[in-house]
Amino acid sequence: ARVLVCAGADDDVDNLTSARRDFVQRAIAALNQLVETPYGTRHKDFFLENGGLCFAANSDKTSFAVTLQEGDEFIETVRDHQFHLKEGDHTKEKNTARLYFCDFMHRPKGASEEARFVAILYVGPHIEGKGLSRTVILP
């Protein structure tokens with residue numbers, strides 16, 4: 001699988017209102033389609049066309065330190081290429097939904113070329129925080 005869910009990413013998913021559950025399903029389906037497209041695909045257009053989803057780059061208010069791990073080896077930290085899908089702007093915080101993700105290229109050990117991966121970093125109501133960390137365990 002090239003769509004990976006980081007440990008802790010879904011800790012707050014149960015805090016979403018039932019009205020936002022459909023958003024999560026559409027977002028995950030779109031991410032599964034995204035990994036099959038050429039790297040460099042315009043995210044905003046892609047997500048509008050595949051699920052009618054609102055896409056945004058992460059702001060300075062919310063950032064993750066993402067460490068890639070392959071086997072027992074920590075191989076790099078990804079600070080760029082972090083984005084989120086959102087629904088429920090301009091409503092009460094409890095009515096918002098966010099799915100933060102990292103989109104990156106990586107050549108797995110033993111592979112001849114790079115492959116596109118998407119790591120889900122957080123799913124739940126709107127959050128703000130700097131220095132949030134996630135480890136992506138590569139297959």
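## Basis of the model

The model is predicted: local features need pLDDT of at least 70, side-chain atom pairs count only at pLDDT 80 or more, and totals for chains, interfaces and linings use all residues. Residues are numbered from 1 along each chain as its sequence is written, and side-chain values use heavy atoms, without hydrogens and water.

## Overall fold

The chain has two helices and eight strands. Helices (H or I, at least four residues) and strands (E, at least two) are DSSP runs, numbered from the N terminus. Their order along the sequence is β-α-α-β-β-β-β-β-β-β. The chain is as compact as a globular protein of its length, because its radius of gyration of 15 Å is close to the 14 Å that the globule rule gives for 139 residues. This radius is taken over C-alpha atoms, and the rule is 2.2 Å times the number of residues to the power 0.38.

Of the 139 residues, 45% are buried, meaning under 20% relative accessible area with a 1.4 Å probe, protein chains only. Among contacts (heavy atoms within 4.5 Å) with a separation of 6 or more, 65% join residues 24 or more positions apart.

## Arg20

Arg20 sits in the loop between β1 (3–5) and α1 (21–34). Arg20 is buried, with a relative accessible area of 16%.

Apart from neighbours within four places in sequence, Arg20 is in contact with Glu87, Gly88, Thr91, Asn95, Thr96 and Ala97. Glu49 lies 29 residues from Arg20 in sequence and 19 Å from Arg20 in space, C-alpha to C-alpha.

Key
Buried means under 20% relative accessible area, exposed over 50%, partly exposed in between (1.4 Å probe, protein chains only).
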